[in-house]
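Visitor: I have a model open and would like to learn how to read its features. Could you walk me through a few of them?

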Amino acid sequence: MDLTWELESLYPSFQSESFHRDFLQAEKLAEELKSWAEAHF
Amino acid sequence: MYLKLFSYSELCFSLDSSNEEAMNRMDELEALSSSAQEAQAHFKKWLAEFSEHELERVAGADAYLAQHAFYLRELREQAQHVLSEEAEAILGKLQQSGSKAWEKLYMRTVSTLRIEAEWGGESRSLSLSDIRGLAYDPDPEVRRAAYEAEQEACRTIAEQSAACLNALCGEAAAIYERRGYSSPLHKVLSVSRMDQKTLDVMMRTIQESLPMFRSYYKKKAELLGYPGKLPFHEVYAPISGEAVEAIAYEKAAEIIEAGFRSFHSELGDFARKAFRQRWIDAEPRSGKGAFGMCVDIFPIEESRIITSFTGHSVDVSILAHELGHAYHSSRLTGQTMVNTNYPIPIAETASIFCETLINEEMLRTSTSGEAVALLERSLSDAAYYIVDFYARYLFETRLYEARKSGALSVEAINELMKDAMDAAYGDSVVPGSIHPYQWISKPGYYMAGNEYLNFPYSFGLLFSKGLFARYKKQGEAFVGQYQDFLSATSTHSVAEAARLMNIDVHSSEFWQDALRLIAGEIERFSELS
């Protein structure tokens with residue numbers, strides 16, 4: 001039985017395209033959420 | 001998505017604390033989360049305009065809002081303690097050079113403190129946390145020397161530490177009063193979703209149980225060869241039974257799966273999934289701490305566990321403990337993110353429950369030597385969360401009271417600490433063996449905005465033991481209720497969630513049942529050792 005974990009199902013690495021894409025998307029969503037909240041509340 | 005990104009960075013960092021990329025990504029993601037926090041602050045302010053009645057009416061009129069009624073009520077309650085926008089902005093800035101700066105000064109003082117120690121012919125330069133870790137060393141001479149070195153090191157930074165503590169306590173009391181809390185304790189109860197009555201009943205029951213824990217310490221003194229009382233530096237000393245064959249990781253997985261399955265097939269299946277899908281990093285490696293940790297990744301409905309498995313029975317307990325955390329989270333899948341938070345008092349429920357389940361299983365089949373080691377670890381943890389945290393609770397309560405009349409000297413803080421420790425440990429430890437600088441060696445007192453990092457953990461330990469006592473009485477009938485309870489922990493107050501299991505946390509009976517379970521362990525420990 002393997003004593004190390006599997007992290008690839010999250011991201012293959014910090015340099016991976018999926019990490020980069022999600023990071024940019026999270027950045028965009030956070031800004032949008034802030035602007036939306038400022039405008040509505 | 002944010003949680004997935006952060007979890008990945010955190011997991012990489014926890015494997016290797018020198019991983020700079022992981023550290024940088026965590027910093028960037030934390031900065032990013034401030035936008036979301038700002039959005040929530042706007043929402044909270046808007047929500048504060050609603051009366052309690054209006055909020056109930058609005059939440060009740062829409063299924064989605066009704067699903068989030070607890071979250072909305074809690075946010076509205078928190079909003080009642082928010083000051084004006086201008087005051088909050090000034091406060092935020094001032095805290096950077098106030099409590100946050102005092103916290104940093106303490107942390108820096110402690111982290112740069114080097115303790116030159118020499119024993120066994122070897123010179124060492126150690127940090128305060130290294131020195132504290134030696135309380136668990138198998139060599140009694142190392143434990144004694146480390147304790148003396150700790151006391152001396154604390155003495156050298158006592159004045160700075162007292163200045164930090166006075167400033168932090170003073171600011172917390174002033175700010176919470178301005179926010180409309182009756183005391184720092186009131187604020188902690190609120191964020192812990194606990195009420196004063198629960199705390200009072202639990203503390204009274206703990207106080208009544210102290211003689212029982214003192215009998216455990218006295219037994220430990222006897223086993224370590226001390227007449228009658230335990231020198232305080234031996235409180236965490238390991239008691240190992242005879243050497244036994246190491247447990248293979250595969251065997252540990254089997255023990256856990258079988259033990260969990262004996263409770264319910266769902267829990268057994270969960271353990272199997274965690275092992276088979278490689279959720280656990282159990283390989284002991286340098287750079288990896290000796291602690292256990294569980295990170296829940298709700299977006300992918302999985303968790304990851306970090307631990308160092310060396311084949312001892314306590315490693316099996318730690319694995320079971322961390323899998324318990326993961327199981328708790330699995331009972332919350334399908335909830336929206338804001339509905340997955342549960343407070344500190346509840347956070348250890350499933351973990352300690354699973355650990356107790358496996359300990360019972362291992363005790364049933366272990367040799368007497370293994371059983372002593374297992375019982376000692378379980379009792380040492382319980383006594384730590386009950387006895388030592390009782391002292392910390394008394395100390396902090398008295399500190400806030402005394403601080404009202406002005407800043408306290410090192411001697412005055414020492415006196416408060418000594419009285420609190422004496423009240424908790426009583427006649428079980430050698431008089432005068434508790435050094436008075438315990439308030440310096442515990443970073444929890446210096447974490448700005450995190451007061452009373454004590455009784456919520458005592459609650460967690462006792463509550464979980466109380467549930468286990470109930471399971472032993474009710475058997476299978478308990479299982480479904482317990483699963484529903486875990487699912488409800490993120491959307492109910494502590495008392496409401498407990499009520500779902502017909503448990504009244506305002507009644508001392510429940511707490512006494514929990515303590516009786518520990519009393520049974522002390523009895524068994526005394527018989528076997």
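Guide: Gladly, and keep in mind that this is a predicted model. Let's begin with a pair of helices. Helix 6 of chain B and helix 7 of chain B are roughly parallel to each other, because their axes cross at roughly 20° and angles under 35 degrees count as roughly parallel.

Visitor: How do the axes of helix 6 and helix 7 of chain B come together, and which residues of the two helices meet?

Guide: Helix 6 covers residues 85–97 of chain B and helix 7 covers residues 99–112, with axes that come within 3 Å. On the helix 6 side, B:Gln95, B:Gln96 and B:Ser97 take part; they meet B:Ser99, B:Lys100 and B:Ala101 of helix 7. Sorted by class, this contact has one nonpolar, four polar and one charged residues.

Visitor: Is the crossing of helix 6 and helix 7 of chain B left-handed or right-handed?

Guide: The crossing of these two helices is right-handed.

Visitor: What angle do helix 12 and helix 23 of chain B make, and how far apart are their axes?

Guide: Helix 12 (residues 196–223) and helix 23 (residues 508–528) of chain B pack at an angle of about 5°, and their axes are 10 Å apart. That angle makes helix 12 of chain B roughly parallel to helix 23 of chain B. Helix 12 brings residues including B:Val201, B:Met212 and B:Tyr216 to the contact, while helix 23 brings B:Trp511, B:Leu515 and B:Phe525, among others. The contact residues divide into nine nonpolar, six polar and two charged.

Visitor: Now for strands. In what order do the three strands of the open sheet in chain B lie?

Guide: The order is 3-5-4 in chain B, and the pairing is mixed. Strand 3 and strand 4 of chain B stand at the edges with a single partner strand each, so one side of each has no neighbour in the sheet.

Visitor: Which pairing in that sheet is parallel, and which is antiparallel?

Guide: Strand 3 and strand 5 of chain B pair in the parallel sense over two bridges, and B:Ile280 has B:Ile305 of strand 5 as its bridge partner. Strand 4 (residues 293–297) and strand 5 (residues 302–306) of chain B pair in the antiparallel sense over five bridges. Here B:Val295 stands opposite B:Arg304. The hairpin of strands 4 and 5 of chain B has four residues between the strands, and B:Glu301 takes a positive phi near 55°.

Visitor: How many residues lie between strand 1 and strand 2 of chain B in their hairpin?

Guide: That hairpin has two residues between its strands, and B:Gly120 in the turn has a positive phi of about 60°. Strand 1 (residues 115–119) of chain B runs antiparallel to strand 2 of chain B, joined by five bridges. One of the bridge pairs is B:Glu118 with B:Ser123.

Visitor: What does chain A look like?

Guide: Chain A has one helix and zero strands. Its C-alpha atoms fill a box of roughly 55 × 20 × 10 Å along the principal axes, and buried residues make up 15% of its 41 residues.

Visitor: How many residues does each chain give to the contact?

Guide: Chain B gives 33 residues and chain A gives 23. Helix 2 of chain B gives the most to the side of chain B that touches chain A, with 11 residues. The residues on that side of chain B divide into 19 nonpolar, four polar and 10 charged.

Technical notes:
Residues are numbered from 1 along each chain as its sequence is written. Chains are lettered from A and ligands numbered from 1 in the order in which they are written. This is a predicted model: local features need pLDDT of at least 70, side-chain atom pairs count only at pLDDT 80 or more; totals for chains, interfaces and linings use all residues. Axes are lines fitted to C-alpha atoms, for helices over the stretch in contact, and angles run from 0 to 180 degrees between N-to-C directions. Angles under 35 degrees count as roughly parallel, over 145 as roughly antiparallel, 65 to 115 as roughly perpendicular and the rest as oblique. A crossing is left-handed if the near helix is turned anticlockwise from the far one by less than a right angle, and right-handed if clockwise. Two residues are in contact if their C-beta atoms, placed from the backbone, lie within 7 Å. Ala, Val, Leu, Ile, Met, Phe, Trp, Tyr, Cys and Pro count as nonpolar, Asp, Glu, Lys and Arg as charged, and the others, Gly among them, as polar. Two strands pair if DSSP finds at least two bridges between them. A residue is buried if 20 or more other C-beta atoms lie within 10 Å of its own, exposed if 12 or fewer, and partly exposed in between; C-beta atoms are placed from the backbone.
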